[in-house]
Amino acid sequence: MPSRLSLLTSLVVGFICTSCTLQIQTSNGQGGQAGTAPAAGAGGSDAGTAGWGGEGGVGVNGGEGGQGGFESDPCKGVPAEGRCLGPSTFERCVNSGVPGEGQVSVPQVVQGTCSPGTVCKQQEDWTGCVLEADCVEGASYCEGPSVQVVCLGGKWVKHPCGGQEECRVSLGGAVCTATVSEAGQTFQIKGRLFYEYRPIRQDRTDYDVPTLDSARGLIALAYDGDEYLGGTYTSEEDGTFSIEVSKKPTPATSLYFFPMLYDQGWVPQFAVAVPDTLSYTNLKSSAYYAFGRTTGEALDVGSIVVTEAEGSGAIHIHQWVLYSILQLRLMAPEAKPFNVLALWAPGKRFDCGNGTCYVPRGLGATVDYGSGQDFYEGALLISGTSITPHELSSSVILHEFGHYTMDAYSRSPYEAGPHSLSMLEPPGMAWSEGWATYLAQGMKQDPLYFDKQEGTVWWYNVDKPYPSAPKLNPNGPMDQQLGEGNVTHMLWHLDDTVEEGWDKSNLQMPSLIRAFTSKRLMDKSMNRGYKTVDFVDFLDALRCGGAPSAGVLSVTKNEGFPYDNKPTCAK
């Protein structure tokens with residue numbers, strides 16, 4: 001995966017529209033006066049940009065007046081953490097994905113019905129669908145090398161394998177299969193898996209023509225007809241694989257490759273599936289993505305290429321999410337995140353925002369693969385249309401994954417409302433959106449955020465202040481409204497090791513992840529600065545974990561954020 005790239009010193013922001021003429025205004029005179037803020041929080045700053053519920057700023061000295069604020073309760077009383085409408089129905093106020101350049105993402109109220117085997121329940125921080133039993137009927141995994149565990153009647157039941165069998169994960173779950181052939185021999189089916197994807201053009205006007213990359217970390221399974229022979233993962237280095245089987249390949253021997261990851265207990269942790277529905281709720285799939293090839297009776301099958309026409313976009317989504325999950329396993333080994341399913345289909349988009357969004361815990365998604373069913377607590381919905389091809393954007397994929405990390409590894413503010421890179425937002429929302437973008441670029445080790453939405457290509461450099469980001473009040477309160485771009489910019493500079501005169505912080509991502517998953521941040525009794533978890537609590541967690549105050553304060557001061565450096569720490 002990528003090494004840290006040199007920072008882009010000249011690029012700040014840009015975009016290309018294939019169907020219209022757009023202009024970027026990087027300065028706006030001296031800006032308007034701040035708007036007033038009845039009830040909903042701070043008003044506008046420098047260009048008169050108003051916050052939630054604030055009145056528009058008044059232009060002075062040539063500056064334009066800012067726009068008025070948005071409703072302080074856009075979902076009319078429906079909470080972001082959700083509420084049950086009945087034993088198996090719920091509603092929630094949710095955000096609507098990543099806004100494009102100059103766009104505002106507006107929240108929506110969603111209602112849904114829990115999947116069979118789940119019921120609506122109120123939890124400590126959220127409300128939604130949870131498993132009624134201990135497990136999903138028909139699900140299975142391996143416990144050690146010789147025990148198959150199957151969900152029967154809502155309970156896990158152990159089935160020891162036979163004397164010459166071992167438990168292996170197969171196409172439909174865990175199975176007991178022969179360890180050696182009758183002749184006592186084993187064989188190796190080997191090869192290398194590639195997939196097509198489209199990199200960003202050098203001039204950043206669009207995505208380029210398809211090119212090949214190694215398909216790392218996919219599950220590779222061998223079958224002879226309906227007989228399971230063996231399985232492995234493709235190499236995380238170069239996509240090579242070697243599957244130990246109990247007999248030589250025959251004309252009926254085939255290989256199947258799944259963009260899927262199991263946890264240490266052989267329970268699905270992450271996968272990419274084909275959506276049956278395109279709604280935000282009641283998400284269902286009847287099939288995981290799988291790419292099959294016959295062996296032609298060969299033990300060495302050489303190079304196998306999955307093309308765009310076959311759905312290689314599913315592999316590209318898998319590559320970035322897999323890499324990030326494995327990095328988080330190293331940075332936060334004690335974390336026990338719930339599982340997440342990515343749903344994507346060529347030419348299709350979901351009914352949230354621009355077609356891409358994160359579905360939080362409590363809504364969930366199910367995959368019914370015939371012999372059983374897998375339940376996922378969270379979901380990443382990825383648009384696959386030609387004008388919004390988010391399967392190609394690692395920034396967008398990992399931004400949505402960043403929301404999942406806040407839900408699964410840390411503590412979510414559960415705050416919904418309008419948001420964009422150019423507006424002031426409540427602290428909880430700014431923290432959530434700012435973290436998601438930082439997580440994406442931090443995992444990529446590249447400050448260039450690149451996206452294509454509705455035919456418009458746009459990008460910006462998170463190492464630089466976003467041109468139309470709101471200005472913060474260094475003399476104001478810590479719980480003032482701020483921009484998500486402000487949060488991303490500060491997080492990037494808390495992380496990076498590039499020498500800059502004002503930036504004294506070089507903590508790097510593992511330190512930020514430790515704070516993100518720390519007891520200080522997870523414990524709501526230590527919350528300060530705002531009614532829910534926010535950037536102040538994260539800064540406290542950094543300082544409690546030993547981050548030098550000089551580095552932290554150099555970054556917050558440069559951004560104009562008035563952090564008081566008086567952290568409350570867990571005992």
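Me: Before I look at the cysteines in this predicted model, what counts as a disulfide?

Reply: A disulfide is a pair of cysteine sulfur atoms within 2.5 Å. By that criterion, a search of the whole structure finds seven disulfides; one of them joins C114 to C129, with an S to S distance of 2.1 Å.

Me: Which parts of the chain does the pair of C114 and C129 tie together?

Reply: C114 sits in the loop between strand 4 (108–113) and strand 5 (118–122), while C129 belongs to strand 6 (residues 127–131), so the link ties together parts that are 15 residues apart in sequence. The torsion of -85° about the S-S bond goes with a left-handed link, and C114 and C129 are both buried.

Me: Turning to the strands, what is the order in the open sheet of four strands, and which strands stand at its edges?

Reply: The order is 15-14-17-21, with antiparallel pairing. Strand 15 (227–233) and strand 21 (291–294) stand at the edges with a single partner strand each, so one side of each is left without a neighbour in the sheet. From one strand to the next, the twist averages 20°. Within this sheet, strand 14 (residues 219–224) and strand 17 (residues 253–258) pair over six bridges, and Y223 stands opposite S254 in strand 17.

Key
Residues numbered from 1 in each chain as written. Predicted model: local features only at pLDDT ≥ 70, side-chain atom pairs only at ≥ 80, totals over all residues. Heavy atoms only, no water. Pairing = 2+ DSSP bridges. Helix = DSSP H or I, 4+ residues; strand = E, 2+ residues; numbered from the N terminus. Axes fitted to C-alpha atoms, helices over the stretch in contact; angles between N-to-C directions. Buried < 20%, exposed > 50% of the residue type's maximum accessible area, 1.4 Å probe, protein only.
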